[in-house]
Amino acid sequence: MSKSSSPARTAAVPARLGWRLLALVYDAVIALALVLVISALALAVKPDHRPVQPGSIAAAVEFLLLWATLGAYAVVSWRRGGQTIGMKPWRLKVLTVDGLQVPWRQLLLRYSVVSLSLGTALLWCLFDAERRGVHDIVSGTLLVRLQPTPVSPDSPSTG
């Protein structure tokens, strides 16, 4: 193996749906916390401190704020390290199809497609040879599972 080969290509495989769902369970905890904070702030700024009326402009604004906040969490996480908090324990990472860091525009497109599809875009990875969801295909991304790095006998021990 040459040094110029991409580590993402040699040390990763496309992520299966099960790994994606496990990461989503972890990320749901973060998402719930964000939703609670945004909802509490929305209640605090209303003069009467009452929930918004369904179908009102205030409800639409609150929904868009929640959608944008969850999107910011996902997109910023993917951009900073290719992973959300829920993806880290399962060694999942979002990359371009070339194994590089994904540009902002592609990440925004990825989040938009998967969220507007209400998650059904994930199901396509059951049929795609590279296990890509519709959001991955549209945005030109690939979710991979990194292989564990072997511990070298020469590496210093922590214990």
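Author: With a 1.4 Å probe and protein chains only, a relative accessible area under 20% is buried, over 50% is exposed, and anything in between is partly exposed. The model is predicted, with local features needing pLDDT of at least 70, side-chain atom pairs pLDDT 80 or more, and totals for chains, interfaces and linings using all residues. Numbering runs from 1 along each chain as its sequence is written, and side-chain values use heavy atoms, leaving out hydrogens and water.

Reader: OK, arginine 131: is it buried, partly exposed or exposed?

Author: Arginine 131 sits in the loop between helix 4 and helix 5 (134-139); helices here are DSSP runs of H or I with at least four residues, strands are E runs of at least two, and both are numbered from the N terminus. Its relative accessible area is 23%, so arginine 131 is partly exposed.

Reader: What is the phi of arginine 131 near?

Author: Most residues other than glycine have a negative phi. Arginine 131 has a positive one, and its value is near 60°.

Reader: Which loop holds arginine 91?

Author: Arginine 91 also shows a positive phi, near 60°, and is not a glycine. At 26% relative accessibility, arginine 91 counts as partly exposed. For its place in the chain, look at the loop between helix 3 and strand 2 (92-96).

Reader: How far apart are the end C-alpha atoms of helix 3?

Author: Start with the expected span, which is 1.5 Å times one less than the number of residues. For the 25 residues of helix 3 that comes to 36 Å, and the model agrees, because the end C-alpha atoms are separated by 36 Å.

Reader: And what covers the buried residues of helix 3?

Author: Among the buried residues of helix 3 are Ala59, Glu62, Leu66, Tyr73, Ala74 and Trp78. Taking contact as heavy atoms within 4.5 Å, the cover includes helix 2, strand 2 and helix 4.

Reader: Which residue follows helix 3?

Author: Here the phi is positive again, near 80°. This time the residue that comes after helix 3 is glycine 82.

Reader: Is leucine 36 buried or exposed?

Author: Leucine 36 belongs to helix 2. Its relative accessibility is 53%, so leucine 36 counts as exposed.

Reader: What separates the C-alpha atoms of leucine 36 and leucine 66?

Author: Leucine 66 is one of the buried residues of helix 3, while leucine 36 is in helix 2. Along the chain the two leucines are 30 residues apart, and between their C-alpha atoms the separation is 9.6 Å.
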